[in-house]
Amino acid sequence: MQTAAAVSEPAGSPRGLALTVAEVRLTPILIADPPLLNTQGVHQPYTPRLIVEVVTADGTTGVGETYGDTRYLDLAAPLAEALPGHRLADLNGLADLAARVCALPEEVSDSVDTGGLRGVQTADKLRLSVVSGFEVACLDALGKCLGLPVHALLGGKVRDAVDYSAYLFYRFAEHPQGRGESDDWGAALDPEGVVAQARRFADTYGFGSFKLKGGVFPPEQEVAAIRALAEAFPGKPLRLDPNGAWSVETSLKVAGELGDVLEYLEDPASTTDRMAQVAAGTAVPLATNMCVTTFPEIRDAFTRGAVQVVLSDHHYWGGLRNTQHLAAICRTFGVGLSMHSNTHLGISLAAMTHVAATVPNLDYACDSHYPWQTEDVITRRHVFDSGRLAVSDLPGLGVELDRDALAALHRRWLDDDGSMRDRDDAAAMRLAEPGWTTPSVPRW
Ligand SMILES: O=C([O-])C(=O)C[C@H](O)[C@@H](O)C(=O)[O-]
Ligand SMILES: [Mg+2]
């Protein structure tokens with residue numbers, strides 16, 4: 001085991017070498033995903049992720065995970081090539097290195113694409129999403145070398161367990177045209193289906209708060225589903241997230257109808273401007289993982305009171321340390337903080353849990369898609385107990401790569417004809433509803 005002093009060893013010394021990246025492995029994979037509905041369409045049967053491994057000169061391996069669509073892979077490749085020789089502890093240098101070596105795709109500029117479920121798509125955000133996977137891998141390796149858990153490298157945990165929330169989706173029983181894997185959840189397309197799904201989440205994982213992904217059906221149907229949840233789970237925190245599908249007027253109407261049971265309303269309307277108008281007309285807190293997903297968006301949104309809770313996603317924000325910086329800014333402005341989740345595996349869930357453990361102002365139970373993911377690349381799946389995950393004190397992230405599982409999921413990626421390698425919920429929906437296109441917002 002290395003000592004903490006070894007972090008500052010000269011790079012050429014034997015101990016310094018042990019803390020230096022010697023090799024990077026990138027493994028794109030496709031993981032099974034159920035037919036979950038959102039305002040853009042339905043999840044494809046398989047979704048891409050990228051697994052990052054950094055290997056030190058003494059053979060220690062650290063793992064990270066991030067989005068795996070082609071545009072992320074294109075940026076990850078040159079960073080992987082440039083990383084050997086980089087010191088694990090030089091995390092600040094990672095983003096600089098990425099800025100130097102990653103040529104951005106031509107179609108991404110700093111001002112394009114304000115739509116989509118992941119908020120703006122700027123060049124910086126795309127690159128930071130890639131950097132996040134490398135940062136987590138370096139932290140995992142560093143922790144293993146030093147015998148310290150990642151939360152200790154981030155300054156130390158302030159809690160021993162992190163609360164998660166049940167992430168409910170309207171869903172089909174099967175993927176359109178019977179593609180992909182089957183499961184036994186059945187369809188959830190009405191309030192009864194949503195309550196049954198919530199009941200199973202509560203019974204299996206002990207979750208005590210519930211988020212419903214909305215923007216799928218006309219708002220009155222989703223209001224009815226939230227009312228049904230409130231009746232089935234009296235007093236439990238409830239959230240509704242239509243991913244910006246509503247107008248300001250519709251958002252205010254829903255806030256008025258559900259104000260007594262909602263913990264917060266998540267991205268009822270798209271854009272900071274619309275969110276500010278909604279916030280001005282309701283006392284229901286507004287949360288976002290769409291209009292504040294980058295540092296440059298913070299000032300406008302916070303000074304206008306457009307959002308009361310930021311749902312951080314360490315991938316978007318550039319890693320675990322940037323998430324801590326975001327937390328400090330939120331604290332300064334009196335804005336709440338929690339965590340967003342997209343389809344992800346156990347490496348990212350471990351990373352989320354480590355950073356969440358270090359943030360004093362983590363005010364709400366975090367989102368996680370993890371219960372929907374039946375496949376993983378770690379040897380022991382995370383287990384929610386009473387809706388919480390214990391914070392690991394093992395060195396690094398505390399997870400171990402399952403090489404057989406990784407190889408099988410990579411094989412699926414290799415065998416794919418290209419149709420699953422970039423997430424496209426609208427394309428998947430067209431198989432159920434020919435002619436479907438991504439609805440423009442506001443949809444209602
Ligand atoms: O909270 C959110 O907005 C999300 O998690 C966005 C995701 O893309 C979600 O809508 C999904 O996976 O369908
Ligand atoms: Mg959201």
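Val55 in S4 is the bridge partner of Glu23. Strands here are DSSP E runs of at least two residues, while helices are H or I runs of at least four, both numbered from the N terminus. Keep in mind that this is a predicted model: local features need pLDDT of at least 70 and side-chain atom pairs count only at pLDDT 80 or more, though totals for chains, interfaces and linings use all residues. Residues are numbered from 1 along each chain as its sequence is written, chains are lettered from A and ligands numbered from 1 in the order in which they are written, and side-chain values use heavy atoms, with hydrogens and water left out.

**The sheets**

S1 and S4 belong to an open, antiparallel sheet of three strands, ordered S1-S4-S5. Strand S1 (21-32) and strand S5 (61-67) sit at its edges with a single partner strand each, so one side of each has no neighbour in the sheet. From one strand to the next, the twist averages 20°; such angles run from 0 to 180 degrees between N-to-C directions of axes fitted to C-alpha atoms (for helices, over the stretch in contact).

The other open sheet is parallel, with seven strands in the order S7-S8-S9-S10-S11-S12-S13. Its edges are strand S7 (166-169) and strand S13 (336-339); each has a single partner strand, so one side of each lacks a neighbour in the sheet. Here the twist averages 25° from one strand to the next.

Two strands count as paired if DSSP finds at least two bridges between them. Some of the pairs:

| Strand pair | Sense | Bridges |
|---|---|---|
| S1 and S4 (46-56) | antiparallel | 11 bridges |
| S9 (238-241) and S10 | parallel | three bridges |
| S10 and S11 | parallel | two bridges |

S10 is mostly covered, with four of its five residues buried (under 20% relative accessible area with a 1.4 Å probe, protein chains only; exposed is over 50%, partly exposed in between). Leu265 in S10 is the bridge partner of Leu240, and Glu266 has Ala287 in S11 as its bridge partner.

**The metal**

Which residues coordinate the magnesium ion (ligand 2)? Asp241 (OD), Glu266 (OE) and Asn289 (OD1) do, at 1.9 to 2.2 Å. Glu266 lies in strand S10 (residues 262-266) and Asn289 in the loop between strand S11 (286-288) and helix H10 (298-303), so this pair, 23 residues apart, links distant parts of the chain. Donors are N, O and S atoms within 2.8 Å of the metal (3.2 Å for Na, K and Ca); water is not among the atoms, so sites may look incomplete. In sequence, the donor residues follow D-x24-E-x22-N. Glu266 and Asn289 are both buried.

On a 1 Å grid over the protein atoms alone, a cavity is a set of points where a 1.4 Å probe fits but cannot get out; a pocket is an open set with protein on both sides within 12 Å along at least five of seven lines, and lining residues have an atom within 4 Å of a point.

The largest pocket holds about 500 Å³, the space filled by probe spheres set on grid points joined across faces, edges and corners. It is lined by 21 residues, with Arg380, His382, Ser392, Gly398 and Val399 closest to its centre. Helix H13 (346-358) and strand S14 (388-390) each supply at least two lining residues.
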